[in-house]
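Visitor: Hi, I've got a model open and could use a quick tour. Can we start with how its helices sit against each other?

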Amino acid sequence: MNPLQPLHFANFWAAQTDQYRVLGWIVLLPLLGALLNGLFGKRFGRDFVYAAGVATVGASFLLSLLAFAALLGAEHHAAAQLAGDAAAGAGEEHARPLVQISYTVWDWFRAPTGAGQSAMIKIRYVLDPLSAVMLLVVTGVGTLIHVYSTGYMAHDDGYARYFSFLNLFMFSMLNLILADSIPLLFVGWEGVGLCSYLLIGFWFTNSQYASAGRKAFVVNRIGDVGVILGMTILAWKAGAYDIGGLRDVFAMDHSPAVQSLGERVQLGELLGRMFSFGSERVFEFINYKLIPQFTWGGLATLLLFIGCTGKSAQLPLYVWLPDAMAGPTPVSALIHAATMVTAGVYLLCRLSFVYVSFPSVMAVIAVIGAVTALLAATIALAQDELKKVLAYSTVSQLGFMFVACGVGAFGAGLFHVYTHAMFKACLFLGAGAVMHACRDKQKLSELGGLKKFLPYTYATFAIATLAIIGTPGLSGFFSKDEILFRALVSPSKVGRFVFVTSLLAATLTAFYMCRLLFLTFWGEFKGWSLEPAAAGAAPHGGNAHGSGDAHGDDHGHGHGNAWDPPKENAWNITGVLVALAGLSVVAGYIGLPYLFTHHESVIAHWLAPAVSEWPVDHATLGSKEALAMLLGVAAFGIGSGGAYWAYVVRGGEPVKQLVAAGGMRGLYRLVRDKWRVDELYDLVFVRPLRLGSDLAANLFDRWIVDGIVNLVGIIPRALGAVLRKTQTGSIHVYGTAMALGVLIMVGWAVRGPSATIGYRVISGTRVALEAHGGPGYTYEWDLDGDGAFDSTVADQRQEANCTPVEAPGGRRVCRVGLQVRNAFGLSRTVTRTIELAETAPQAPQEGSR
Amino acid sequence: MVVGLGHILALAGLLFALGAAGFLMRRNALVVLMCVELMLNAVNLTLIGFNRWQASVAQPAADAAAAATPMIPHHGQVFAFFVIAVAAAEAAVGLAIVLSLYRVRKVLRTDDANLLKE
């Protein structure tokens with residue numbers, strides 16, 4: 001290291017990078033909070049739960065900042081060292097090395113990685129530039145949402161359970177983010193899935209909400225199969241479960257592991273081997289040429305991506321996310337908008353160095369992302385519920401992120417994850433604030449004119465809306481335009497297609513988000529006229545706030561006059577909204593486009609060592625970047641302008657006309673019904689499964705399985721019915737049976753012994769003989785076949801030379817005799833003819849056997 | 001006439017057959033118990049008989065010191081004591097059962113003592 005390098009404050013923090021204990025605490029603290037709240041929350045009361053829930057996550061956030069500072073220090077250290085090396089004479093420019101800070105907790109288990117090999121999977125947490133971004137987003141937004149929850153759940157009796165689940169979610173999410181290996185990441189992946197399920201069905205007494213949770217769980221399981229299979233194939237072929245190990249393998253030139261990943265999967269061979277019975281191959285008749293050919297790596301990455309479509313709500317597995325809005329709104333903000341659903345994007349970024357080698361899988365990702373973005377945007381156009389619109393908006397934005405990954409711009413995808421976390425959390429929490437203030441109303445047709453009643457909520461919601469629709473200067477603009485640009489210039493075959501599709505989706509995003517804003521906050525306040533005052537706060541529709549009754553009644557504005565206007569919420573709700581709105585404004589400035597600054601953006605530079613990308617030469621593509629930006633701004637302008645014209649200038653008239661016009665009515669209804677995808681899935685998957693289960697339960701189980709079980713029961717019962725007759729209860733019958741038994745046993749012993757001979761020819765005339773044994777038997781052998789028993793050979797086993805005689809047909813045989821005498825002096829005799837080999841007698845070959 | 005092992009065994013066999021026949025044929029619980037005692041005593045007789053026989057056929061001691069204090073075998077006799085003790089216990093338990101059976105059913109017929117069948 002260059003001694004002239006000035007001391008940097010961060011050098012201090014970088015003291016120990018291989019066993020940096022703070023990482024362990026970052027993960028552990030939320031678990032502690034979950035345990036405290038889950039076990040003692042009810043006993044210690046609200047204040048304790050709020051304090052424990054917020055403090056553990058908040059502390060985790062502060063420690064994350066500390067760890068981030070340490071990472072900066074380590075980066076600085078490494079950069080200084082590199083500069084020193086370069087100055088020392090190497091002279092050539094090196095890429096910035098990947099700097100990471102890690103903490104190994106313990107060795108977990110050893111798992112096979114190919115034939116005869118295995119690798120230790122560790123509980124090890126790693127902070128690198130990629131996980132640092134996610135860590136700060138998750139703990140930061142998580143802390144804010146915990147604070148918000150103290151306001152939002154103030155009137156719910158399940159507060160302890162809620163905070164316990166929320167903390168457990170943070171624990172799982174941090175495991176997912178900081179995991180060093182895919183198996184540990186998968187633990188976090190499943191953990192967040194579990195917490196998502198628990199929190200969607202938080203108000204489980206409402207069966208609709210409970211089944212929404214179940215749907216999320218089941219749909220995610222489909223994806224998880226893909227993760228397990230993909231992970232296993234990758235480990236089997238590349239020989240590593242941990243991401244560092246995989247990265248090393250892929251960094252090597254001509255690595256045999258990477259070459260084996262490039263081999264084609266002989267799907268026919270594989271299936272044949274899996275389903276072969278002896279030499280019969282069950283699937284021999286299938287023409288495997290018709291099945292698309294995969295390489296092992298392509299199969300693994302595609303399977304992992306299927307997992308991502310489950311977790312991150314992409315086609316075809318997105319259907320659970322809109323239903324997931326059944327949970328409390330802060331949960332929707334934290335889990336189903338800002339953090340968990342971006343796990344799929346994060347996984348792709350983690351494994352970007354794998355994905356960049358498989359362009360066809362990348363193309364699949366890009367197309368699925370783009371189509372999902374467009375499809376979800378169209379659905380969002382016609383939804384009538386606040387949170388439903390936001391849910392489809394989330395699906396759509398996640399589609400953008402996958403577009404970025406699919407065109408090889410993983411960094412841009414993660415940048416969008418980061419900005420999206422800010423403004424979408426703000427939007428969801430704003431929606432929650434509206435529902436909290438308006439007695440859980442969330443139908444757009446019943447809201448309106450809230451601008452003057454909820455000024456803070458309105459302002460923050462508006463800022464977040466402007467951010468998501470890509471208003472120049474706000475965070476969404478920077479991240480979305482980076483994605484559009486990278487799609488336009490990507491070498492991918494599908495680049496143009498996804499660019500156009502994404503642009504269309506961006507236009508629609510601007511339209512439906514402005515519609516949402518206008519219908520909620522502008523126009524006339526409709527009051528409570530749609531709801532009788534006496535009914536108070538009966539929950540609305542499918543996804544209303546489930547704790548409605550307790551909630552609305554206890555609330556200040558729930559009382560009194562039916563015409564009381566809604567009031568602004570408490571500080572812990574509005575404060576969080578303001579913070580997130582502020583972040584939505586400034587968050588984008590770490591990703592300023594190259595077009596403006598003419599150097600790499602901060603975030604791109606920061607992520608460069610951790611994330612592999614398809615290279616882009618910004619300098620020569622300035623015109624394309626300008627074009628993408630221009631079109632992006634046009635999309636924003638057309639979309640928001642259209643919404644302003646349709647909903648503000650014309651007061652919603654054009655939409656009504658459109659719906660009334662004959663031709664469009666069917667299409668409108670189709671869009672409003674979410675393209676009837678749920679119905680399609682119901683028809684194609686759910687119903688056949690139900691039918692199969694029905695058959696299995698009512699035909700197979702009831703008649704065949706139960707039949708076998710009943711048969712097993714009937715046999716002993718029938719036997720018992722017979723044997724029961726013998727149990728007379730009379731002691732004399734038993735005594736007689738006993739006496740008879742004794743007599744039979746004595747008779748058995750007294751009867752003549754059994755006499756049989758077993759033999760084996762050793763060689764020539766040499767034979768081994770053995771008599772059947774019995775208690776108290778004595779044996780007399782006649783080995784020479786003369787008919788006289790030789791009393792000197794009395795052993796049960798004999799080995800002797802017998803006397804051969806000629807038998808008819810030229811065979812040579814021996815005859816041996818045996819007399820067996822038992823303890824009662826009764827005897828029996830037997831003779832046995834032993835076939836000898838047909839050849840002439842040879843010299844005995846002892847020991848040849 | 002010398003009373004040998006054969007005589008004793010014949011008597012014991014006779015006694016045992018008598019007891020067994022009585023056990024199987026009589027219905028009075030007290031008589032059944034007495035027949036059991038008869039069988040046990042037949043066994044005792046064989047034990048004593050074999051003990052005596054063993055003592056009579058025992059090999060003379062090899063040396064003078066051992067010959068001075070001849071080892072008289074007594075395993076059979078000791079075993080007979082064990083059998084007597086067990087028989088006493090059996091009689092006590094058996095009579096107690098018979099007594100309580102009588103209190104419950106007012107009979108001593110073993111045919112009536114089949115409650116456990118159901």
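This is a predicted model: local features need pLDDT of at least 70, side-chain atom pairs count only at pLDDT 80 or more; totals for chains, interfaces and linings use all residues.

Visitor: Which residues of α5(A) and α6(A) make the contact?

Guide: On α5(A) they include Phe165(A), Leu168(A), Phe169(A) and Met173(A). From α6(A) you get, among them, Leu184(A), Val187(A), Trp189(A) and Cys195(A). By class, the contact of α5(A) with α6(A) has 13 nonpolar and 4 polar residues, with no charged ones.

Visitor: Now another pair. How far apart are the axes of α16 and α21 in chain A?

Guide: Those axes are 9 Å apart, and the two helices pack at an angle of about 25°. Helix α16 is residues 359–381 of chain A, while helix α21 is residues 495–521 of chain A. The cut-off for roughly parallel is under 35 degrees, which means α16(A) is roughly parallel to α21(A).

Visitor: Is the crossing of α16(A) past α21(A) left-handed or right-handed?

Guide: Left-handed. On the α16(A) side, the contact includes Ala366(A), Val367(A), Ala370(A), Leu374(A) and Ala377(A). On the α21(A) side, Phe497(A), Val498(A), Leu504(A), Phe511(A) and Tyr512(A) are among the contacting residues.

Visitor: And how does the contact of α16(A) with α21(A) divide by class?

Guide: It has 16 nonpolar and 4 polar residues, and no charged ones.

Visitor: Zooming out a bit, how many helices and strands are in chain A?

Guide: Chain A has 30 helices and 11 strands. Of its 849 residues, 45% are buried. If you take contacts in chain A between residues at least 6 apart in sequence, 76% of them join residues at least 24 apart.

Visitor: Which domains is chain A divided into?

Guide: The assignment gives domain 1 (412–653), domain 2 (680–722) and domain 3 (753–835). For domain 2 and domain 3 of chain A, the C-alpha centres lie 60 Å apart.

Visitor: Switching to chain B, what's its pattern along the sequence?

Guide: It reads α-α-α-α, with 4 helices and 0 strands. Chain B has 118 residues, and 12% of them count as buried. For contacts in chain B with a separation of 6 or more, residues 24 or more positions apart account for 61%.

Visitor: I've clicked on Ala17(B). Where does it lie?

Guide: Ala17(B) is in helix α1 (residues 5–25) of chain B. There are 13 other C-beta atoms within 10 Å of Ala17(B), so that residue counts as partly exposed. Ala17(B) and Leu38(B) are 21 residues apart in sequence, and their C-alpha atoms are 9.3 Å apart in space.

Visitor: Last one: how many residues of chain B are in contact with chain A?

Guide: 8 residues of chain B are in contact with 9 residues of chain A. The chain B side divides into 4 nonpolar, 2 polar and 2 charged residues.

Definitions and conventions:
Residues are numbered from 1 along each chain as its sequence is written. Chains are lettered from A and ligands numbered from 1 in the order in which they are written. Axes are lines fitted to C-alpha atoms, for helices over the stretch in contact, and angles run from 0 to 180 degrees between N-to-C directions. Angles under 35 degrees count as roughly parallel, over 145 as roughly antiparallel, 65 to 115 as roughly perpendicular and the rest as oblique. A crossing is left-handed if the near helix is turned anticlockwise from the far one by less than a right angle, and right-handed if clockwise. Two residues are in contact if their C-beta atoms, placed from the backbone, lie within 7 Å. Ala, Val, Leu, Ile, Met, Phe, Trp, Tyr, Cys and Pro count as nonpolar, Asp, Glu, Lys and Arg as charged, and the others, Gly among them, as polar. Domain bounds come from an automatic or database domain assignment. A residue is buried if 20 or more other C-beta atoms lie within 10 Å of its own, exposed if 12 or fewer, and partly exposed in between; C-beta atoms are placed from the backbone.
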